[in-house]
Amino acid sequence: MATRITDSFNKAKSEGRGAFVAYLTMGYPTLEASVQAADDLIAGGADVLELGVPFSDPFADGAVIRSAAYKALENGVNLDKVLEAASQIRAKHPTTGLVLFTYYNVIFSKGLETFAAEAEKVGIDAVLSVDLPLEERDELIDVLKPHGISYIPLIAPNTPLSRVIKSAEGLENSFLYIITVKGITGERKELPADLAGHLDEIRAAVKLPIAAGFGISTKAQAEIVSQHADGFVVGTALVRRLGEKGKLEGDILP
């Protein structure tokens, strides 16, 4: 199993910072633009990329990413095209962690074994399935593992610590994605007052790195979160900027 995700978090830690995990809705505003944005993000300091597969019912996402998914679908972008794009990104960036961010129906419809084999071929390191609960994830993990692909658990704010610990068990080359706020994705001016304590508690209880996401949009917020987590995730702010300008340039985070 490749260790690009683990290596990325370790490198960030050695440099005294949180790992920057960046999300893109692949195919928005075009597939070519999102591939270029991946290059720009890595040049701008992203350690791990989450490649979002557009889905017709992205219930976990706010207006910006939901709209982006619909546009990507209109552009004809599907799982196969995202995997093709991942292959291009991997060829140019051999050490960057790549996470496929999707909903379970998308990969189940393709066939788990077929999906896992193709994902391995293009250099995917891990899969995050938004709607796959802890009790049902083994059917996917058992297929991914022989192909050297890990799984990223998504942890809701109200998840009991005992369940968080269980979610981290048996995973390698992975991290826990800790949702910072209740509700859907989207930029927030302020993060919850109790977030620091919540992250500290989880970080002390699990061996995997933890990255906090949902609502983080500025460098200042990322730095605050990184004091209590091993990394931070930025999605909506990047997708919005990409939609407005057609590309990402300059400082990635304001």
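# Briefing: sheet order and helix packing in a predicted model

Helix 3 (residues 63–74) and helix 11 (residues 236–245) approach each other with their axes within 9 Å and cross at roughly 55°. That angle makes helix 3 oblique to helix 11. The structure described here is a predicted model.

**Helix 3 and helix 11**

- The crossing in which helix 3 passes helix 11 is left-handed.
- On the side of helix 3, the contact is made by Val64, Ile65 and Ala68; on the side of helix 11, Thr236, Val239 and Arg240 take part.
- Sorted by class, this contact of helix 3 with helix 11 holds four nonpolar residues, one polar residue and one charged residue.

- Strand 4 (residues 126–129) runs parallel to strand 5 and is joined to strand 5 by two bridges.
- Ala126 has Ser150 of strand 5 as its bridge partner.

- Strand 1 (residues 19–25) is parallel to strand 9, and four bridges join the two strands.
- Within that pairing, Ala22 has Val234 of strand 9 as its bridge partner.
- Strand 8 (residues 210–213) also pairs with strand 9 in the parallel sense, over two bridges.
- Opposite Ala212 stands Phe232 in strand 9.

**Helix 8 and helix 9**

- Helix 8 (residues 161–168) packs against helix 9 (residues 195–205) at an angle of about 45°, and their axes lie 10 Å apart.
- Helix 8 is therefore oblique to helix 9.
- Helix 8 and helix 9 cross in the right-handed sense.
- Leu161, Val164 and Ile165 of helix 8 meet Glu201, Ile202 and Ala205 of helix 9.
- By class, the contact of helix 8 with helix 9 consists of five nonpolar residues and one charged residue, with no polar residue.

Technical notes
Residues are numbered from 1 along each chain as its sequence is written. This is a predicted model: local features need pLDDT of at least 70, side-chain atom pairs count only at pLDDT 80 or more; totals for chains, interfaces and linings use all residues. Side-chain values use heavy atoms; hydrogens and water are left out. Axes are lines fitted to C-alpha atoms, for helices over the stretch in contact, and angles run from 0 to 180 degrees between N-to-C directions. Angles under 35 degrees count as roughly parallel, over 145 as roughly antiparallel, 65 to 115 as roughly perpendicular and the rest as oblique. A crossing is left-handed if the near helix is turned anticlockwise from the far one by less than a right angle, and right-handed if clockwise. Contact means heavy atoms within 4.5 Å. Ala, Val, Leu, Ile, Met, Phe, Trp, Tyr, Cys and Pro count as nonpolar, Asp, Glu, Lys and Arg as charged, and the others, Gly among them, as polar. Two strands pair if DSSP finds at least two bridges between them.
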